Amino acid sequence: MASATEDPVLERYFKGHKAAITSLDFSPNGKQLATASWDTFLMLWNFKPHARAYRYVGHKDVVTSVQFSPHGNLLASASRDRTVRLWIPDKRGKFSEFKAHTAPVRSVDFSADGQFLATASEDKSIKVWSMYRQRFLYSLYRHTHWVRCAKFSPDGRLIVSCSEDKTIKIWDTTNKQCVNNFSDSVGFANFVDFNPSGTCIASAGSDQTVKVWDVRVNKLLQHYQVHSGGVNCISFHPSGNYLITASSDGTLKILDLLEGRLIYTLQGHTGPVFTVSFSKGGELFASGGADTQVLLWRTNFDELPYKGLNKRNLKRLHFDSPPHLLDIYPRTPHPHEEKVETVETTETSGRTLPDKGEEACGYFLNPSLLSPECSPTTTKKKTEDMSDLPCESQRSIPLAVTDALEHIMEQLNVLTQISPQGLWRHLTDCEKEPCENLESSYDLLKENHVKNHFVSFCNIVLYVTFSLFIRHLFSLKAIALFTSCQI
């Protein structure tokens, strides 16, 4: 059991919203916190050097979700006014507006590289947007009721969504198809998200449950019933070892996923808690609810450097072992003293972006995607902050390519087992050269990580697969002929 010095501590709380807090998110550098509310406003809280808050005015109805872009240069928000807005997180609060949904929008989520934005709506759809071109790309339709949340996987290959149709769906962003489906006969999920390694998803249930699923084997790993009210939101610690939950019973719960048990119950809100989120480094977390307060907590029990964590997840090739299941009774609640923080509030009216050219290109494009026309001084600092992350050419070989190679080798083994001896020698001689090319291209790809080598490697894979298929057909005919001759 953790000692008192390792317990989470309430550092301060902020007041500025006039209605319930619906969503919040930390900036990548941990110096700002964005909050959304039923009062139709967004607020941006600055921690250092002086506590100051900006109120962003623009939405015409409840703001349901807010999130920073991975580089911190954009702030996305969703609203019941059916719009999605991208804000520049500064004192001017300029924004651009996206309109495509035909009903209230419930959530927004950036992909890990910042190139795409996923939005979920009560029109039963998930829509994906390009941040580079600032336009709508495609929709995902399979839910039969309101979609409450949609989140990208850490590698951007999948999207998980939950709906009031009592299903959780996994989508492939490449072929834009639903590849998996989890259903529940009791309640629906209010919120869903991937763990940092992308191997599992966790759901916050209206039936007071928290569930953790392994997406590799489509299996329910853990099932927690620790709340006495509906669970509204969850957040994974960046280490992936802890999960924090927010509930309508007015409490926050911290779960140890490795041991499969509840370790903390935090009481600070006077009413339902609607949202909770860890900072990107895990040293802080914040919560908000019906009492209009934003509580800022220091984690204490586990911290992990953000940049080191990013490198580990981006270079991941194989999934970690799944957490095990244990039923251990929770600890006693841990109430904490409250500390009041006085914050200067500045209101910024919602202003649309300037015409094309000028400032817009520097603010709304990812630093890695900026065109030469944009001013280099605007993005210099952001580019430096990204220097520790591996670029595309430095990343490891995708797992799908490795799987394809293994599948080809399995087919080769099948052919060698069923073919007659003479045909086998013929196939071995014919396949020797393309197989050597395949292996050399594979080695070259591993050594250089160059995009054009990857393209040629894929072409060779396709060629060998096709040739093996044709030769397999001929081998079957030869076997039939050989058998008939024997008879």
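Biologist: How far apart are the end C-alpha atoms of residues 192-223, and how much of the span is strand?
Modeller: In this predicted model, the end C-alpha atoms of residues 192-223 lie 14 Å apart, and the span is 59% strand and 0% helix.

Biologist: And what about residues 56-87?
Modeller: Over residues 56-87 the chain is 53% strand and 0% helix, with 9 Å between the end C-alpha atoms.

Biologist: Which annotation covers those stretches?
Modeller: An unreviewed UniProt entry carries the annotation "repeat: WD", and the residues it covers include 56-87, 192-223 and 224-265.

Biologist: Switching to the sheet with E22 in it, what order do the strands come in?
Modeller: The order is E22-E23-E24-E25, an open sheet of 4 strands with antiparallel pairing. Strand E22 (231-236) and strand E25 (261-267) each have a single partner strand, so they stand at the edges and one side of each has no neighbour in the sheet. From one strand to the next, the twist averages 20°.

Biologist: How many bridges join E23 to E24?
Modeller: Strand E23 (residues 242-247) and strand E24 (residues 251-256) run antiparallel and are joined by 5 bridges. Isoleucine 244 stands opposite isoleucine 254, which is in E24.

Biologist: New topic, glutamine 32: buried or exposed?
Modeller: Glutamine 32, which sits in strand E3 (residues 32-37), counts as buried because its relative accessibility is 15%, and the cut-off for buried is under 20%.

Biologist: What does its side chain make a polar contact with?
Modeller: The side chain of glutamine 32 makes a polar contact with the side chain of asparagine 46, at 2.7 Å. Leaving aside residues up to four places away in sequence, glutamine 32 also touches others, among them Asp25, Trp45, Phe68 and Pro89.

How values were computed: Residues numbered from 1 in each chain as written. Predicted model: local features only at pLDDT ≥ 70, side-chain atom pairs only at ≥ 80, totals over all residues. Heavy atoms only, no water. UniProt positions renumbered as here; feature names shortened; annotations may be inferred. Helix = DSSP H or I, 4+ residues; strand = E, 2+ residues; numbered from the N terminus. Pairing = 2+ DSSP bridges. Axes fitted to C-alpha atoms, helices over the stretch in contact; angles between N-to-C directions. Buried < 20%, exposed > 50% of the residue type's maximum accessible area, 1.4 Å probe, protein only. Polar contact = N/O pair within 3.5 Å; in protein donor to acceptor, adjacent residues only side chain to side chain. Contact = heavy atoms within 4.5 Å.
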